[in-house]
Amino acid sequence: MTSVLAAGDHFVGPHLFADALHRQVPGHDLDVSTLCLPWPVEPFGPVAGVREASGTERQMLDALPGVEVVATQMAPITADVLAANPQLRFVGVCRGGPVNVDLDAATEHGVVVSYAPGRNAAAAAEFAVGLILAALRRIPGSDAELKDGHWRGDYYAYDNAGLELDGSTAGLVGYGAIGRIVARVLRAFGAHVLVADPFVRAEEAAADGVEPVELDELLRRSSVVSLHARLTPETEHLLNADNLALLPRGAVLVNSARGGLLDYTPLPELLKSGHLGALAVDVYDLEPPPRHWPLFDAPNVITTPHLAGATRQTAHRAAEIVAGEIARFLDGERPRFVANPDVLSRIGEVRS
Ligand SMILES: NC(=O)c1ccc[n+]([C@@H]2O[C@H](COP(=O)([O-])OP(=O)(O)OC[C@H]3O[C@@H](n4cnc5c(N)ncnc54)[C@H](O)[C@@H]3O)[C@@H](O)[C@H]2O)c1
């Protein structure tokens, strides 16, 4: 009998983990207990040295005695939690990176940590395309104006009219799981797609029908730019006042990746001057942004509260990925996405 804790939340509910485990791990006798953490009813945040967790160490310390395997999205698996639970063998985190786990402490205690890259790629890509279309055609703004009693027929005036994707050049900064899906959709609309990603291979880009270029060239040539890189020390403020000046006048900019990729400070002026035609953002340096954030008052700005990954399918996919990892681990196979592979060779119980 393996004791498993399904520590879900109000997005990836504990029952989704439990159902996925019973489906994917039929060969093992599992004793699954459940716990529901408060996110997103309460925002996540740092907990005792781990980033982006929900719930408390106390909850973990109460729920974990005897548990060998954890399936979770947000549970704070801190150094103290790990130290108090030497029986723990595996933590499956159903998000792009296991930022709610103290990875060094897990490695030290011989606990395998897996994660779930790409779980929300379709959701995030579809949302990015939605923001691109909404910004190109002023959909949310004109909706709000009409409900407020203003029939803005003047949006047909040539200077106010929107832009099409068909025949345009669109630039994607970052060509990973999400960027690739966005590229496919933009190409289907008839756009020529440029990609700036230092790790993209020329033959791969050619096969996909996209053109790899340096970032500055992408900015010079694109009438719409969408960000899809990860935030790292190297990509912090990848787009800033200097290189945004390269954009053609009236270009549309979309950031649904991470706030830190884009320096927001120069954007209100760039929008007021018309250098930027529109901006759509789902992510912020500080989330939520302050009530009087300067971009709330700038023209042609669309804002959403970090929603790109929020689909029901993402929640199901996330639970299924973690259940699959747990099935492989319990069967003595190598899980697909291990964050601390050193532990696997050390514990020596997993076939590669
Ligand atoms: N808003 C949301 O709800 C939401 C949801 C999912 C993902 N995201 C974010 O979307 C972004 C993309 O996610 P993904 O799953 O496609 O990630 P990914 O890791 O699959 O792709 C990221 C790509 O960025 C590239 N890259 C690295 N350095 C770069 C640089 N200097 N310039 C350009 N590209 C660079 C990498 O080579 C990689 O191809 C991430 O920032 C992620 O955090 C946001």
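Q: Which residue is the bridge partner of Leu 227 in β12?
A: The partner is Asn 255. Keep in mind that this is a predicted model.

Q: How do you know that β11 and β12 pair?
A: Two strands pair if there are at least two bridges between them. Strand β11 (residues 224-227) and strand β12 (residues 251-255) have 4 bridges, in the parallel sense, so they count as paired.

Q: What makes helix α5 a helix that packs on the sheet?
A: Contact means heavy atoms within 4.5 Å, and α5 (residues 121-137) touches β11, β12, β13 (276-281) and β14. The direction of α5 makes about 150° with that of β12.

Q: What is the strand order in the open sheet?
A: The 7 strands run β10-β9-β8-β11-β12-β13-β14, with parallel pairing.

Q: Why do β10 and β14 stand at the edges?
A: Each has a single partner strand, so one side of β10 (211-212) and one side of β14 (301-303) are left without a neighbour in the sheet.

Q: How much space lies in the second largest pocket?
A: About 610 Å³. Its lining has 28 residues, and the closest to the centre are Arg 138, Asn 160, Gly 277, Ala 278 and Asn 300.

Q: Which elements give two or more residues to that lining?
A: They are α5, α6 (139-147), β13 and β14. Helix α6 gives the most, with 5 residues.

Q: What is the lining of this pocket like by class?
A: There are 16 nonpolar, 8 polar and 4 charged residues. Gly counts as polar here, so Gly 277, one of the closest to the centre, goes in the polar class.

Terms used. Residues numbered from 1 in each chain as written. Predicted model: local features only at pLDDT ≥ 70, side-chain atom pairs only at ≥ 80, totals over all residues. Heavy atoms only, no water. Axes fitted to C-alpha atoms, helices over the stretch in contact; angles between N-to-C directions. 1 Å grid on protein atoms, 1.4 Å probe; cavity = no way out; pocket = protein on both sides within 12 Å on 5 of 7 lines; lining within 4 Å. Points joined across faces, edges and corners; volume = space filled by probe spheres on them.
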